[in-house]
Amino acid sequence: MSAPAAARRRPSWRRVPAGPISLLAGAIVWELIGHLAGASYFPPLSTVIGRLADMVTSGEIFASLADSLLNLVLGFAVSLAGGLLVGVAMGRFRKVEAALGVYVYALLTAPSLVFAPIFFSLLGEGRGSIVAVVVMYAMFVMIINTASAIQSVPGHLVEMARSYGASETQILLRIMLPAAAPMIMAGVRLGVGRAVTGMINGEMFIAVVGLGRIVTQAGGRFDGAGVLAILLVIIAVALGAVALVQAVDRKITGWVPQTSRGH
């Protein structure tokens, strides 16, 4: 047998899928701690999965999940549009950055949930307040990433485009946005994760609807298994949203060499 063939047959730790192994290890640790600790608010994973199965079969999950996903999609769509428009304007024009930068950084660092009473008084307890909370969580990180991405575009690319007679619109659409796309999409990935957090917080503290309603009700009953079961659903929603954004990212930035991508 040749040396290359033997090397191919030899088991290697690099071929072991790290993700599934990590999840399996985490599940085992959760199950052991749940049994050994005996804490009512931290039941074993098997108990949580059983509680989740009961919620699914009773239909309690699907109606609430659909409501939460609608809040998430609306809030993230507004955040994405505002984040890209304001971020590009701040990155391209120094006067816009000087005028809006202080507000953007202040709202990014401020606890977003403190605005919930304001939205409640202005928009009522309906979907509008929840969407507003999602926007507060998600939009400003996308603004800052987009502005930084536009500002980091190499100046020689812009000057070369100008030397060939490109207009400002052409420079923005054909030079700056493609060059800044990887960093912009990194901000979008951060934004979608924060949007899920805003969705749950808005539902729990404003309207008590969707998945937030189930979490609030389970917490009021001291139902630790129910709270953790919904937590698993929320994590699945977040991972699914991030995976969708990553798929879009690969479509948009497929031309970027793998060694040049930020992780």
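Predicted model: local features only at pLDDT ≥ 70, side-chain atom pairs only at ≥ 80, totals over all residues.
Helix H6 covers residues 116-123 and helix H7 covers residues 127-151. The two pack at an angle of about 145°, and their axes lie 9 Å apart. On the H6 side, the contact is made by Ala116, Phe119, Phe120 and Leu123. Helix H7 contributes Gly128, Ser129, Ala132, Val133 and Met136. Sorted by class, this contact has seven nonpolar residues and two polar ones, with no charged residue taking part.

Stepping back to the whole chain, the model contains eleven helices and zero strands. Read from the N terminus, the order of elements is therefore simple to write down: α-α-α-α-α-α-α-α-α-α-α. Along the principal axes, the C-alpha atoms fill a box of roughly 75 × 70 × 30 Å. The radius of gyration is 23 Å, whereas a compact globule of 263 residues would have a value near 18 Å. Of these 263 residues, 37% count as buried. Contacts that reach across the sequence are well represented: among those between residues at least 6 apart, 73% join residues at least 24 apart.

Two aromatic pairs are found when the whole structure is searched. One of them joins Trp30 and Phe42, whose rings are stacked, at 5.8 Å centre to centre and with 25° between the planes. Trp30 belongs to helix H2 (residues 18-37), while Phe42 sits in the loop between H2 and helix H3 (45-58), so the pair ties together parts that are twelve residues apart in sequence. The surroundings of the two partners can be described as well. Trp30 has a relative accessible area of 17% and is buried, because the limit for that class is under 20%. Phe42, at 31% relative accessibility, counts as partly exposed.

A last stop is Val227, a residue of helix H11 (residues 224-252). Leaving aside residues up to four places away in sequence, Val227 touches Tyr41, Val215, Ala218 and Gly219. Val227 can also be placed relative to Phe62: the two are 165 residues apart along the chain, and their C-alpha atoms are separated by 16 Å.

Note on methods. Residues numbered from 1 in each chain as written. Heavy atoms only, no water. Axes fitted to C-alpha atoms, helices over the stretch in contact; angles between N-to-C directions. Helix = DSSP H or I, 4+ residues; strand = E, 2+ residues; numbered from the N terminus. Contact = heavy atoms within 4.5 Å. Nonpolar A, V, L, I, M, F, W, Y, C, P; charged D, E, K, R; others polar. Phe/Tyr/Trp six-rings, centres within 6.5 Å; stacked < 30°, edge-to-face > 60°. Buried < 20%, exposed > 50% of the residue type's maximum accessible area, 1.4 Å probe, protein only. Rg over C-alpha atoms; globule rule 2.2 N^0.38 Å.
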